[in-house]
Amino acid sequence: MYWKAVDHIARAVVGISSVALVLLVVFTGWQVWGRYVLNDTPTWTEKAALLLVLIVCLPMAAVGLRENFHLGIDYLTDYLGPKARRILKTANTFVLGFFGVAMMVESWPLVVGTWGRDIPLLGLPQGLQYAPLILTGGLIVLFMVERVWFLWMGDEMDPPLDVSQMGDI
C-alpha cells in the first residue's frame, strides 16, 4: 500500500525528471551540433546540462528509495524471521530518513550562501545547483515516514510501480 498523496508526489517527480532528461539530451545534442557542424560551440549548454543532471538524478534517487530499487538489498533480511525482519527494515528506514534530514540541513547553507551569485553563462542563482539536495532530502524523509507507517501497521508495501503506471501523470 502507498499513501495516495505521496504516490502523486512520486509520479510528479518522475514526470519532471523525465522532462529534464529530455532537455538534457536536447541541450547536449545542441552542444555537439554547434561544436562539430556549426563550428561555434554554445557555451551555455554545458552549465545547463550540469544543472539538469542534478535535477534528474537526485530526486529520482529518492523515488528509487521509495520503490526499493535504489539501495534495496534484501539478502540478509530474507533469512530472518518476521519480527527480526521488521526490526531490521525499520532500522534501515530510520537510517535513510536521518540521511534525508542531514541532506536538507547541511545543504541549506550551500543554497543560502551561493544564492547571491549567478551561474556563469546562465544568469540563474548558483544556489539552484544545491537546491535539489534539499528537495531530495525532503523526499527521502517523506518516503521513509511512509515506509515506517506501513511497516508498523503490518501492511507490507506493494512492489514497485510498473513503468507503464508511471506514465499516467
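1. What percentage of the 169 residues in the chain do buried residues make up? The share is 33%. The model is predicted, and these comments apply to it as such.

2. The chain holds 5 helices and 0 strands. In sequence order the pattern reads α-α-α-α-α.

3. Helix H2 covers residues 44-67, and its 24 residues should span 34 Å at 1.5 Å a residue; the C-alpha atoms at its ends lie 35 Å apart, so the two values agree.

4. Gly154, which follows H4, has a phi near 90 degrees.

5. The largest nonpolar core has 13 residues, and those touching the most other members are Ala62, Val63, Leu65, Leu139, Ile140, Phe143 and Met144. At least two residues of this core come from each of H1 (4-36), H2, H3 (82-114) and H4. A separate second core of 5 residues includes Ala20, Leu24, Ala49 and Leu52.

6. Leaving aside residues up to four places away in sequence, Leu139 touches Ile9, Val13, Pro59 and Ala62.

7. For the chain overall, 71% of the contacts with a separation of 6 or more are between residues 24 or more positions apart. The accessible surface is about 10,400 Å², and carbon and sulfur atoms account for 70% of that surface.

Conventions
Residues are numbered from 1 along each chain as its sequence is written. This is a predicted model: local features need pLDDT of at least 70, side-chain atom pairs count only at pLDDT 80 or more; totals for chains, interfaces and linings use all residues. Side-chain values use heavy atoms; hydrogens and water are left out. Helices (H or I, at least four residues) and strands (E, at least two) are DSSP runs, numbered from the N terminus. The expected span of a helix is 1.5 Å times one less than its number of residues. A nonpolar core is a set of buried Ala, Val, Leu, Ile, Met, Phe, Trp, Tyr and Cys residues joined through side-chain atoms within 4.5 Å. Buried means under 20% relative accessible area, exposed over 50%, partly exposed in between (1.4 Å probe, protein chains only). Contact means heavy atoms within 4.5 Å. Accessible areas come from the Shrake-Rupley method with a 1.4 Å probe; for residues, only the protein chains shown count as cover.
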